[in-house]
Every structure is written in structure tokens, then in C-alpha cells.
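Please examine the sequence and the structure shown below. The paragraphs that follow lead through the packing and the ligand shell.

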Amino acid sequence: MQYAVMIKDLVKTYNGFEALRGVDLQIPDGIIYGLLGPNGAGKSTLISIIVGVSKPDKGDVVVLGGSPSDPRIRSLIGYQPQEHGLHPNLTGWENLYFYAGIYGVGKKEARPKIEELASTLGVLDHLGKPVRTYSGGLKQRLSIIAALLHDPELIVLDEPTTGLDPGVRQKVWDLIRDLRRRGKTILLATHYMEEAEKLGDEVAIIDNGRIIARGSPEELKQRYGPPAVIEIVLGEEGVGDRLAHALASQGIEATVLGRDRLRIYCKDPDAIIPDITGMAYRLGLSIRVLRVVKPSLEDVFLKLTGRRLGENES
Ligand SMILES: Nc1ncnc2c1ncn2[C@@H]1O[C@H](COP(=O)(O)OP(=O)(O)O)[C@@H](O)[C@H]1O
Ligand SMILES: [Mg+2]
């Protein structure tokens with residue numbers, strides 16, 4: 001099989017509101033496919049159709065060569081929903097055995113698998129406690145484990161690292177890469193551009209129910225990104241707008257991030273850096289950091305939509 005997922009002209013409405021407006025998507029076997037978009041873009045809706053939880057109004061969906069409503073196909077899919085489906089009064093172990101059981105994996109078989117995954121993600125010590133005592137991050141990791149117990153071919157993760165701290169996020173990323181190494185196909189929905197960029201072999205950018213660009217992160221940046229980006233962090237907060245305004249009068253267009261950061265797209269950074277530092281000096285503003293960086297998927301999103309994707313204050 002060549003494609004784990006083939007979708008054509010998918011439309012989904014909720015009470016007349018079009019959450020998906022004609023989506024085409026092909027996910028090749030064995031890769032990490034990033035579905036990147038802001039909140040409300042339609043990621044979870046698209047995913048729910050791919051995993052067979054909901055039905056489209058229109059369009060063709062072929063998953064692993066069949067229909068996601070076919071139980072045989074469903075048993076090949078591992079799905080971590082954005083809103084986890086864990087029972088608060090059951091322990092971690094009980095929840096995981098329950099999910100294993102749904103897919104016909106017995107306790108004996110599930111146990112070593114749970115131990116391995118739980119220790120990889122650092123939750124093993126918590127499995128004896130009821131889920132209601134878990135932090136959000138623990139529940140998140142438990143629900144990722146629940147999606148993997150039946151050794152699925154296609155793994156669909158809906159914002160698996162939202163709310164996780166950086167160390168734990170890294171563990172989840174390592175696990176996802178390990179799954180790919182073992183030949184699995186992973187569909188990863190995220191609103192973190194860094195996550196899509198680092199993990200995605202291919203990425204589709206979704207906005208307002210439409211896929212507005214697709215390709216490898218490198219291709220997307222080459223096609224839509226500026227040649228270079230100058231990042232500036234000013235010495236005090238709340239002055240970003242002042243510098244941006246002054247630069248605009250010199251024909252240098254800057255995007256203000258946060259209250260003290262600027263992002264300037266250009267062809268030749270060396271040619272305009274003196275203008276920038278000179279202007280900051282005249283305004284009496286100190287520059288704490290000035291660096292030339294490569295464009296990111298955030299810049300691609302900004303270019304395509306005129307809006308920012310979200311958090312990127314790194
Ligand atoms: N069950 C629902 N009923 C009505 N509107 C919905 C429902 N689920 C999602 N939506 C709307 O559809 C759009 C896409 O939502 P969703 O697929 O959850 O986006 P994402 O996962 O990218 O944040 C949003 O505008 C959301 O408010
Ligand atoms: Mg969602």
C-alpha cells in the first residue's frame with residue numbers, strides 16, 4: 001500500500017457551519033505527517049473522520065485501504081483524542097487494561113507493553129493511583145499510551161504535547177520518532193509550529209477548514225518563507241511598537257511579537273542591520289539581542305494568512 005490515508009474533497013458541517021470546506025489529503029505510509037493549524041482550524045474534525053468517529057457530509061475517505069467505519073480497519077488505527085477518554089475513578093492500570101481490552105489485547109499481553117511505554121514516558125510510578133489525582137500532563141501521556149497498546153499501523157495523535165513541559169514533550173517526540181522507525185504511520189495534529197517543523201516529514205497547514213499549503217517543512221519554507229529573518233529583542237518591554245513604527249517610515253517592515261520583540265523579513269540582512277541599530281540608537285532603545293535566523297513555519301503561516309499561528313516566543 002502506498003498511502004495510509006487518502007481523502008478527497010471532504011466537507012463537514014455542524015448545524016450549517018462548514019468546519020471542513022473541501023479537504024484533500026494524502027498521507028504516505030511510514031511517515032510522520034504533521035497537521036498544523038491554529039485552534040478552530042478543523043484539525044480535530046478532520047481527525048475524527050479519519051479515525052471513523054464521525055462521518056463527513058461529503059467526500060471520499062480511504063484509510064489503510066478501506067473505510068474507517070469498518071471494524072477491521074479501525075482495529076489498525078490508534079487514536080489519541082484531544083479530550084482524553086479516561087475514567088477518573090479508575091487507576092492508570094485499570095484505564096489502560098480497559099483500552100487494551102477494547103482492542104482484544106489481554107492483560108497478560110498488555111502488561112509488558114504498558115510497563116515499557118509508561119516507563120518511556122515517565123508515568124509508571126503513577127499507574128496505581130486513580131486518574132482523578134493526575135495532572136493534565138499525566139492524563140495526556142496516559143491517553144497516548146492507550147492509543148498504542150494494540151500495536152496499530154496508523155497512529156493518530158490530536159495535540160499530544162499541548163500543556164506538557166519541555167522535558168516531557170521531548171520524550172513524546174522521541175516516542176513518535178521511534179514509532180516511525182518501526183514502520184508506523186503517524187498523523188500528528190498540532191498548533192505548535194516547532195513540533196510540526198521538527199517532527200513532520202510532511203506537513204499540511206490547515207486554516208478555516210481548508211488546507212492552504214502542504215509539503216516538507218523545508219519545501220514550505222523555501223516556497224513561502226522569506227530568505228532571511230532578523231530577530232530583535234529589545235532591552236525593555238513595551239517599546240517594540242515604537243521601533244517598528246519608526247522603521248516603517250524607512251521602508252523596513254517589522255512584525256512585533258510580544259511587547260519587546262521584532263521580526264523583520266528581508267533578502268539581505270547585512271544591508272539593513274545598520275539602519276535598524278541606528279534607528280534604535282536615535283530612539284534611545286537598547287537592543288538586547290539581534291540575530292539573523294532562518295524562516296520557520298510560523299513565517300510561512302504569517303505569509304499565507306497574514307496572522308500569527310500562536311506561541312513562538314522562543
Ligand atoms: N460538535 C461541534 N458542533 C459545532 N461546532 C463545532 C463542533 N466541533 C467543532 N466545531 C467547530 O468547528 C471548527 C473546527 O473545530 P476543530 O475541528 O475542533 O478545530 P481544531 O481541532 O483545529 O481546533 C471550530 O470553529 C469549532 O468551533
Ligand atoms: Mg482540536
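The buried residues of helix 5 are covered by elements that include strand 5 (77–80), helix 3, helix 4, strand 6 (154–158) and helix 6 (166–181). Helices (H or I, at least four residues) and strands (E, at least two) are DSSP runs, numbered from the N terminus. Two residues are in contact if their C-beta atoms, placed from the backbone, lie within 7 Å. The buried residues themselves are L138, Q140, R141, L142, S143, I144, I145 and A146. A residue is buried if 20 or more other C-beta atoms, placed from the backbone, lie within 10 Å of its own, exposed if 12 or fewer, and partly exposed in between. Because eight of the 11 residues of helix 5 are buried, this helix is largely enclosed by the rest of the structure.

This is a predicted model, in which local features need pLDDT of at least 70 and side-chain atom pairs count only at pLDDT 80 or more, while totals for chains, interfaces and linings use all residues. Residues are numbered from 1 along each chain as its sequence is written, chains are lettered from A, and ligands are numbered from 1 in the order in which they are written.

How do helix 3 and helix 5 pack? The axes of helix 3 (residues 92–102) and helix 5 (residues 136–146) come within 9 Å and cross at roughly 30°. Axes are lines fitted to C-alpha atoms, for helices over the stretch in contact, and angles run from 0 to 180 degrees between N-to-C directions. Helix 3 and helix 5 are therefore roughly parallel to each other; angles under 35 degrees count as roughly parallel, over 145 as roughly antiparallel, 65 to 115 as roughly perpendicular and the rest as oblique. The crossing of helix 3 with helix 5 is right-handed, a term that applies if the near helix is turned clockwise from the far one by less than a right angle. Helix 3 contributes G92, N95, L96 and Y99 to the contact, and helix 5 contributes L142, I145 and A146. By class, five of these residues are nonpolar, two are polar and none is charged. Here Ala, Val, Leu, Ile, Met, Phe, Trp, Tyr, Cys and Pro count as nonpolar, Asp, Glu, Lys and Arg as charged, and the others, Gly among them, as polar.

Helix 3 also meets helix 4 (residues 107–120), with axes that come within 10 Å and cross at roughly 125°. That angle makes helix 3 oblique to helix 4. This crossing, too, is right-handed. L96, Y97 and A100 in helix 3 meet K107, A110 and I114 in helix 4, giving five nonpolar, no polar and one charged residues.

Elsewhere, G34 lies in strand 3 (residues 32–36). G34 is buried, because 28 other C-beta atoms lie within 10 Å. Apart from residues up to four places away in sequence, G34 touches L188, T190, A196, L199, G200 and V203. The C-alpha atoms of G34 and G200 are separated by 4.9 Å, although these residues are 166 apart along the chain.

Around ligand 1 are Y14, F17, A19, G37, N39, G40, A41, G42, K43, S44 and T45, each with its C-beta atom, placed from the backbone, within 6 Å of the ligand. Strand 2 (17–28) and helix 1 (43–50) each supply at least two residues of this shell, and the largest share, three residues, comes from helix 1. The shell divides into four nonpolar, six polar and one charged residues.
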